[in-house]
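Open the model in your viewer and keep the sequence beside it. The tour goes from one selection to the next.

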Amino acid sequence: MQLENEFVIMDKELVIKYQEYESVSELDVVDRELMQRAVEAAEGAYAPYSGFHVGAALRLKDGTIVIGSNQENVAYPSGLCAERTAVFAASAQRPDYRDYEALAIVGRNAEGKLCEASPCGACRQVLSEYEHLQHHPLRVICYLEGGRVRVFPSVVTLLPFSFEF
């Protein structure tokens, strides 16, 4: 028997858990080092159009840190974000090693002041795929205004309904 014009609507709720710190100094020593490397990576950004420099530092389980920075181009879509630059560099340098622990991200505005940075949608999708490939969470550490820090335990918390096949 077919029912017409009858819909079942189920309201669901998504809760995203993360940690927030008042200062980078509250992070443990390895995460502070990772954030510092992200700050240093922002110096290598090529951002003549936006003036927004982003640095990312990816820590592998063996302690190796791979950095990336945003790279703009006059043909706007040809540029690349810092997060993807770091992850792609790690993958290119060590194609058989998929054991990434944490990624720190920091922004620097046109005035040179550290500011908030969070992965864009494309970066979230790429990070999600690498997290899926390694079968364990990739923590994401984002610098916030005023020196605060937000830590996501997994990319899934940033992109809960990612595309997978």
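A crossing of two helices is called left-handed if the near helix is turned anticlockwise from the far one by less than a right angle, and right-handed if clockwise. Keep in mind that this model is predicted.

Select residues 82-93, which form helix 2, and residues 121-134, which form helix 3. Two packed helices are described by the angle between their axes and the distance between the axes. Here the axes come within 9 Å and cross at roughly 30 degrees. Angles under 35 degrees count as roughly parallel, so helix 2 is roughly parallel to helix 3. Their crossing is left-handed.

Which residues make the contact? On helix 2, show Glu83, Arg84, Val87, Phe88 and Ser91. On helix 3, show Ala122, Cys123, Val126, Leu127 and Tyr130. Sorted by class, this contact has seven nonpolar, one polar and two charged residues.

Stay on helix 2 and check its span. With 12 residues at 1.5 Å a residue, helix 2 should span 16 Å, and its end C-alpha atoms are 16 Å apart, so the two agree.

Next, colour the buried residues of helix 2: Ala82, Glu83, Arg84, Ala86, Val87, Ala90 and Ser91. Their cover includes helix 3 as well as strand 2 (53-60), strand 3 (65-69) and strand 4 (100-108).

Last, select His135, in the loop between helix 3 and strand 6 (139-143). Is His135 buried or exposed? Its relative accessibility is 71%, so His135 counts as exposed. Most residues other than glycine have a negative phi. The phi of His135 is near 60 degrees, a positive value.

Technical notes:
Residues are numbered from 1 along each chain as its sequence is written. This is a predicted model: local features need pLDDT of at least 70, side-chain atom pairs count only at pLDDT 80 or more; totals for chains, interfaces and linings use all residues. Side-chain values use heavy atoms; hydrogens and water are left out. Axes are lines fitted to C-alpha atoms, for helices over the stretch in contact, and angles run from 0 to 180 degrees between N-to-C directions. Helices (H or I, at least four residues) and strands (E, at least two) are DSSP runs, numbered from the N terminus. Angles under 35 degrees count as roughly parallel, over 145 as roughly antiparallel, 65 to 115 as roughly perpendicular and the rest as oblique. Contact means heavy atoms within 4.5 Å. Ala, Val, Leu, Ile, Met, Phe, Trp, Tyr, Cys and Pro count as nonpolar, Asp, Glu, Lys and Arg as charged, and the others, Gly among them, as polar. The expected span of a helix is 1.5 Å times one less than its number of residues. Buried means under 20% relative accessible area, exposed over 50%, partly exposed in between (1.4 Å probe, protein chains only).
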